[in-house]
Amino acid sequence: MGRARAAGGAPEVPVIDISAWRHGGEADRTAIAAQVDDAARTVGFLQIRGHGIPEATAQAFAAALDAFFGLPMEEKKALRPPSPGINRGYTPPHTEELSLSLGVPAAARDLFEAFNVGSQAIDFPDLDLPEAHYPANLWPSLPGFREAVEEWCAAAGGLARRLTEIFARALGLAEGYFVPFTDHSLDVLRMVHYPLPEEGTVIGRAQMGMGAHTDYGIVTVLWADRVPGLQILDGDGAWHDVLPEPGCLLVNLGDLLARWTNDRWLSTMHRVLPPSDERGRAVRRRSAAYFHDGNWDAEIRCLPGCVPDGGEPLHPPTTVGRHIAAKLAGSRAGRLNADSPREAARLRSAEDG
């Protein structure tokens with residue numbers, strides 16, 4: 001976990017067209033799986049083309065996002081969850097510190113504001129799921145907002161599940177291998193807004209739009225404006241810009257998939273600088289990350305074939321719920337997470353460099 005690998009120069013985030021996965025032949029599926037495996041080993045980020053999500057769905061979702069973040073602050077704050085451990089509702093600016101999920105305090109809290117919805121216990125009426133892990137969503141009274149967001153969740157979630165089929169093929173497993181680990185997945189959609197600073201505000205050099213972190217779960221599907229800000233960390237401790245290509249969705253792998261593969265695949269550290277244009281002027285930026293994290297009670301231990309003969313797994317077994325709770329205790333509740341010592345050391349090294 002941690003850094004993208006680059007053989008001289010910046011790491012490349014490849015564009016992979018997955019349109020043939022559903023309707024192509026075996027050669028097509030094998031070729032797509034091979035491209036995904038290469039990207040997963042070297043950079044941990046992909047640009048997915050041919051995802052099948054209509055542009056109208058994305059436009060309606062973007063309009064809903066704008067409507068919510070355009071509300072008065074007091075209306076948004078009314079949708080804050082009752083405690084930081086409930087990963088739902090509104091997060092005001094300067095209230096989270098993503099680097100704490102790696103056990104590294106930042107000089108200042110992150111600039112972004114966010115609104116989260118996700119899987120609920122009532123979505124799985126035949127299962128006795130704990131509401132602590134599957135809390136109820138909070139919804140604003142905005143016409144059409146819930147419908148547009150739920151449509152995006154269905155589309156992004158469908159893409160995430162299709163990607164796990166591709167991951168299984170790439171890892172030499174049955175294509176349905178991950179289904180028993182994800183059939184009541186802790187999925188969360190985090191809608192993020194980087195508002196323009198108030199006139200005259202000076203942003204310090206150490207201020208992050210969103211602090212350095214790795215994603216916690218299996219795979220993230222990211223919709224984002226084509227505005228500079230997102231950066232990934234390479235093996236030499238250097239940060240590199242990543243912009244989504246037109247028509248593509250960014251996808252990155254999370255910590256649990258890296259653990260599953262014994263770090264054969266990368267959960268790459270990334271951050272978001274305060275968004276600015278080519279002249280250094282502050283600009284607005286929007287993004288939405290759909291986190292496909294797996295069942296709260298699923299045990300994550302090294303996959304078959306990912307430990308060399310005679311070797312030992314690099315990570316002890318854990319459960320999805322335990323891992324996610326430790327990460328959220330850092331970013332949302334402000335407690336240093338001690339479960340990621342290697343990533344913390346890498347981040348400190350990059351900051352010192």
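Student: In this predicted model, how far is the sulfur of C306 from the closest cysteine sulfur?

Tutor: The closest cysteine sulfur to that of C306 is found in C302. A disulfide requires the two sulfur atoms to lie within 2.5 Å. The sulfur atoms of C306 and C302 are too far apart for a bond, because their separation is 5.2 Å.

Student: Are C248 and C306 buried or exposed?

Tutor: A residue counts as buried when its relative accessible area is under 20%. C248 has a relative accessible area of 9%, and C306 is at 10% relative accessibility, so both cysteines are buried.

Student: Which cysteine does T261 touch, if residues up to four places away in sequence are not counted?

Tutor: T261 is placed in the loop between helix 7 (255–260) and strand 11 (270–272), and with a relative accessible area of 0% T261 is buried. Leaving out residues up to four places away in sequence, T261 touches L171 and L303 as well as a cysteine, C306.

Student: Phi of D263 is a positive value in a residue other than glycine; what is that value, and where does D263 lie?

Tutor: The phi of D263 is near 65°, and D263 is buried, since its relative accessible area is 10%. As for its place in the chain, D263 lies in the loop between helix 7 and strand 11.

Student: H94 has a positive phi too; is H94 buried, partly exposed or exposed?

Tutor: H94, whose phi is near 65°, belongs to the loop between strand 3 (89–91) and strand 4 (113–118). Its relative accessible area is 43%, and values between 20% and 50% fall in the middle class, so H94 counts as partly exposed.

Student: What distance separates the C-alpha atoms of I300 and P316?

Tutor: I300 sits in strand 13 (residues 299–300) and is buried, with 2% relative accessibility. Not counting residues up to four places away in sequence, I300 touches L256, R259, W260, P316, P317, T318 and V320. For I300 and P316, which are 16 residues apart along the chain, the separation of the C-alpha atoms is 8.7 Å.

Student: How far is the C-alpha atom of P14 from that of A39?

Tutor: P14 is in the segment before strand 1 (15–17), and beyond residues up to four places away in sequence its contacts are with A39, V43, F45, L46 and Q47. P14 and A39 are 25 residues apart along the chain, while their C-alpha atoms are separated by 6.9 Å.

Student: How many nonpolar residues take part in the contact of helix 3 with helix 5?

Tutor: Helix 3 crosses helix 5 in a left-handed sense. The contact is formed by T57, A58, A60, F61, A64 and F68 of helix 3, together with F145, A148, V149, E151 and W152 of helix 5. Sorted by class, these residues include one polar and one charged, and the number of nonpolar residues is nine.

Student: How many charged residues belong to the contact of helix 2 with helix 5?

Tutor: Helix 2 (residues 26–42) and helix 5 have axes 8 Å apart and an angle of about 85°, so helix 2 is roughly perpendicular to helix 5. Here E26, R29, T30, I32, A33, V36 and D37 of helix 2 meet I166, F167, R169 and A170 of helix 5. By class, six residues of this contact are nonpolar and one is polar, and the number of charged residues is four.

Student: Of the 353 residues of the protein chain, what share counts as buried?

Tutor: The protein chain contains nine helices and 14 strands. Among its contacts between residues at least 6 apart in sequence, 79% join residues at least 24 apart. Of the 353 residues, the share that counts as buried is 56%.

Definitions and conventions. Residues are numbered from 1 along each chain as its sequence is written. This is a predicted model: local features need pLDDT of at least 70, side-chain atom pairs count only at pLDDT 80 or more; totals for chains, interfaces and linings use all residues. Side-chain values use heavy atoms; hydrogens and water are left out. Buried means under 20% relative accessible area, exposed over 50%, partly exposed in between (1.4 Å probe, protein chains only). A crossing is left-handed if the near helix is turned anticlockwise from the far one by less than a right angle, and right-handed if clockwise. Helices (H or I, at least four residues) and strands (E, at least two) are DSSP runs, numbered from the N terminus. Contact means heavy atoms within 4.5 Å. Ala, Val, Leu, Ile, Met, Phe, Trp, Tyr, Cys and Pro count as nonpolar, Asp, Glu, Lys and Arg as charged, and the others, Gly among them, as polar. Axes are lines fitted to C-alpha atoms, for helices over the stretch in contact, and angles run from 0 to 180 degrees between N-to-C directions. Angles under 35 degrees count as roughly parallel, over 145 as roughly antiparallel, 65 to 115 as roughly perpendicular and the rest as oblique.
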